[in-house]
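Please look through the following model with its charged and aromatic side chains in mind.

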Amino acid sequence: MAVLDGQGNFSEKWLSAGEKKNVPVTAGSRTDGSLVRRITEGCRTAGADVVLVVRPSAGTAPPADRLPPADPGLVALPPPLLLVTANLEGAVLFPEPGYALVAGTSAFLAGAAPEGVDQARARFARYARAAARRWPVLESTARSFPPRQIAWKYPSDVPEATATGQQLALMRDVAAGRCTGAEFAVGWLNARRRSQQQGERVRDPLETLLDRVFSLLEDYSIDPRFKEPGDLSDDELQNAVTELLLKAE
């Protein structure tokens, strides 16, 4: 199946297979570490071990180099360029300096766009406004890929049925002693991943609240066998989450 159509864009047939989503991201004049990480992490989460490097050209089927993810040969390549997983789960299209398009299945985007589709689109819109004088095409690209959801600002804004709502519910549960620290940590991190995969968006002060909880869990050992000096105890985790909730609500 062809990834690109005759105009050098992602083909509708390829995008519709596996319900792929499209995300604009920042880029410079050549591929850099950020773009390479996106295709590398996308390969990892989508189960691909080869990247096809294609240099699109009008009216022909260009040859593709086959490189392992994170190969040094992927860095400093000029546009136009297509980096695609060998299993066709996802791709990075670098059509011209200033931006690239990351597209793929939810499995691919879990690695290639871990911030989530809507969050990535919102960040790109801010970047497009800031860099519009240098690359005027960015603003029209941003308009072509608007966020699908509003960004929630306060806990009270968040619908209960969402993954972000589940994160908040778990915070209330651990603060009230209705679950253990380990149960909270496992459930909260799973809900965070679902929130990102589903493209749920938050903004300050809610974004800062959730980031602080994530930082707490980095200092908490779910399995007591691996607890290190300085790690939070269950009581310390509960008290810290409770304090954050009181400030937020």
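A residue is called buried when its relative accessible area is under 20%, exposed when that area is over 50%, and partly exposed in between, with a 1.4 Å probe and protein chains only. This is a predicted model, in which local features need pLDDT of at least 70 and side-chain atom pairs count only at pLDDT 80 or more, while totals for chains, interfaces and linings use all residues. Residues are numbered from 1 along each chain as its sequence is written, and side-chain values use heavy atoms, with hydrogens and water left out.

Side chains of opposite charge can pair when their charged atoms come close. With a salt bridge taken as a side-chain nitrogen of Lys or Arg within 4 Å of a carboxyl oxygen of Asp or Glu, the structure holds six of them. One of these joins Arg 38 to Glu 115, with the closest N and O atoms 3.0 Å apart. Arg 38 belongs to helix H2 (residues 33-46), whereas Glu 115 sits in the loop between helix H3 (106-112) and helix H4 (117-130), so the pair ties together parts that are 77 residues apart in sequence; helices here are DSSP runs of H or I with at least four residues, numbered from the N terminus. Arg 38 is buried at 15% relative accessibility, and Glu 115 is buried with a relative accessible area of 15%.

Another salt bridge links Arg 178 and Asp 173, whose closest N and O atoms are 2.9 Å apart; Arg 178 is exposed, at 56%, while Asp 173 is partly exposed, at 24%. Asp 223 and Arg 225 also form a salt bridge, at 2.7 Å between the closest N and O atoms, with Asp 223 partly exposed at 23% and Arg 225 exposed at 68%.

Returning to helix H4, ten of its 14 residues are buried, so this helix is largely enclosed by the rest of the structure. The buried residues include Phe 124 and Tyr 127, which are three residues apart in H4 and therefore separated by about one helical turn.

Rings of Phe, Tyr and Trp (its six-membered ring) pair if their centres lie within 6.5 Å, and planes under 30 degrees apart count as stacked, over 60 as edge-to-face and the rest as tilted. By this rule there are two aromatic pairs. Phe 124 and Tyr 127 form a tilted pair, with 5.6 Å from centre to centre and 55 degrees between the planes.

Terms used. Helix = DSSP H or I, 4+ residues; strand = E, 2+ residues; numbered from the N terminus.
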